[in-house]
Amino acid sequence: MVMTRTILAGLLCGLVPAAVVGARQSWSDRQSEWKAPAAADTKQNPLASRPETHAGGAKLFAERCSACHADDGTGTSRGPNLTLKRVQSQTDGALFWKISSGNTRTGMPAFSGIPALQRWQLVSHVRALVEAAP
């Protein structure tokens with residue numbers, strides 16, 4: 001009880017850092033720290049030159065991603081806008097790695113259980129979201 005009062009008093013006086021009591025970073029702060037390893041960055045999308053495979057990516061996106069990223073990829077309160085430059089400027093390999101690995105800090109689940117070619121289709125669809133934007 002004394003310790004609880006001490007922490008509460010410290011919070012009220014600004015003596016105890018917010019991190020000590022489990023304060024959360026904003027989504028954008030957590031996202032900016034999430035970088036793919038260099039080895040992932042260099043991977044090329046084997047389906048990039050095959051536009052006929054993009055429809056499969058759109059279907060997977062609707063099933064697995066749109067709840068957090070919206071149907072058009074512009075984001076919701078649960079996930080970021082995938083049409084923004086900070087997402088689109090990442091390499092295909094980085095996006096593939098993020099889709100595969102997920103990130104517990106941002107709430108992004110890992111989709112490593114989806115076959116690799118289907119994850120590459122998702123990368124292609126993320127790229128196509130910008131082209132489809134009005």
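A salt bridge is counted here when a side-chain nitrogen of Lys or Arg lies within 4 Å of a carboxyl oxygen of Asp or Glu, and by this rule the count comes to two salt bridges. The structure is a predicted model, in which local features need pLDDT of at least 70 and side-chain atom pairs count only at pLDDT 80 or more, while totals for chains, interfaces and linings use all residues. Residues are numbered from 1 along each chain as its sequence is written, and side-chain values use heavy atoms, with hydrogens and water left out.

**Salt bridges**

- Side chains of opposite charge can pair when their charged atoms come close.
- Aspartate 92 forms a salt bridge with arginine 127, and their closest N and O atoms are 2.8 Å apart.
- Because aspartate 92 lies in helix α7 and arginine 127 in helix α8, this pair ties together parts that are 35 residues apart in sequence; helices here are DSSP runs (H or I, at least four residues), numbered from the N terminus.
- Aspartate 92 counts as buried at 19% relative accessibility, where buried means under 20% relative accessible area, exposed over 50%, and partly exposed in between (1.4 Å probe, protein chains only).
- In the other pair, glutamate 52 and arginine 50 have their closest N and O atoms 3.0 Å apart; glutamate 52 is exposed at 55%, whereas arginine 50 is partly exposed at 40%.

**Threonine 83**

- Threonine 83 is found in the loop between α5 and α6 (85-88), and at 23% relative accessibility threonine 83 counts as partly exposed.
- Although threonine 83 and aspartate 72 are eleven residues apart in sequence, their C-alpha atoms are 8.7 Å apart in space.
- Not counting residues up to four places away in sequence, threonine 83 touches Asp72, Gly73, Thr74, Gln88, Leu129 and Val130.

Notes:
Helix = DSSP H or I, 4+ residues; strand = E, 2+ residues; numbered from the N terminus. Contact = heavy atoms within 4.5 Å.
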